[in-house]
Each structure stands twice: as structure tokens, then as C-alpha cells.
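Hello,

Here is the structure I promised to pass on. Have a look at it first, and my notes follow below.

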Amino acid sequence: MDWQRKATAEKLKLEYYLNLYFGSTFRQPPLVSDIYIQTTLANNYIFYAGISESESSSVTYFGENINGAVWASNNPFSQYNYTIYVPSALYASLGATNDIRNTKIREQINPRNLQSITYTITTY
């Protein structure tokens, strides 16, 4: 369907798409939709370069440890992730187990999600 190809990871568009796809109610902000997204600050996963091996992150190349210069940045970055909130009744209707339910939701999000951005699914 054309509207499925146009859905992206932009918060409002993704909320609209998920509510449309799963047959729930989308509401324009400031109202809250049935399925809604909240942005959260992610943990920073930093690569550590230390003086000794015990103080550094490991580096491998095709399974073999390598030695060489590794430069560390003094400017750590923040990466924003998000949580998708799904009504409990809708979530329960998607399948017999949480694995099946999560898979059905992730099948709609993953093709639209930006690379390296992580998310969780929570019921309310």
C-alpha cells in the first residue's frame, strides 16, 4: 500500500502509521494517540582507548586481535532512542505470547526505523 511506503521514523508519522495499521485511534498533539511514542535519552556506548589492554575495549579483525593506534574523542555524544506505548488490550490481541506480539509490532517498525536507533515496546 502507498501509505505504508511513505511511513518513516519521524515521531508523528510513525504514530499515525502504527495507529492506522493496528486499527487504533490517532489523535493530533497535544492529545495522546492510543499508540504513542516517547523519546528517551539513551545510554552512551563509548569505545574506551586506554593505556593497557585491561583498560580498553577489545578490537578484533575477523576474530583475531589486532594492535594499533586507536584515537579517543573528548566529545561523547548522546543518541536519542524511543519507547512505543501500546494499550494492553491491543497488545494482548496481537498473539498468544509476548514474542509473537513484539514480532508483529517490530515487523512494522524495523523497516521504518533509523539505523542504530533503538526502541522498546511497553504496554499501559
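**Notes on the salt bridges and a buried asparagine**

E10 is partly exposed, at 48% relative accessibility. Please keep in mind that this is a predicted model.

I began with E10 because it takes part in a salt bridge with K13, where the closest N and O atoms are 3.6 Å apart, inside the 4 Å cut-off. K13 is partly exposed too, with a relative accessible area of 42%.

How many salt bridges does a search of the whole structure find? The count is three. Another of them joins E15 to K11, with 2.9 Å between the closest N and O atoms. Both residues sit in helix α2, four residues apart, or about one turn of the helix. In an α-helix there are 3.6 residues a turn, so residues three or four places apart point the same way.

Helix α2 spans residues 11–21, and its buried residues are L14, E15, Y17, L18 and N19. Just after α2 comes G23, which has a positive phi of about 75 degrees.

There is also a salt bridge between D34 and R27, whose closest N and O atoms are 3.0 Å apart. R27 has a relative accessible area of 31%, so it counts as partly exposed.

Finally, a look at strand β4, which covers residues 80–86 and contains N81. Is N81 buried or exposed? Its relative accessibility is 11%, under the 20% limit, so N81 counts as buried. The N81 side chain makes a polar contact with the side chain of T118, at 2.7 Å.

Best wishes

Methods
Residues numbered from 1 in each chain as written. Predicted model: local features only at pLDDT ≥ 70, side-chain atom pairs only at ≥ 80, totals over all residues. Heavy atoms only, no water. Helix = DSSP H or I, 4+ residues; strand = E, 2+ residues; numbered from the N terminus. Buried < 20%, exposed > 50% of the residue type's maximum accessible area, 1.4 Å probe, protein only. Polar contact = N/O pair within 3.5 Å; in protein donor to acceptor, adjacent residues only side chain to side chain. Salt bridge = Lys/Arg side-chain N within 4 Å of Asp/Glu carboxyl O.
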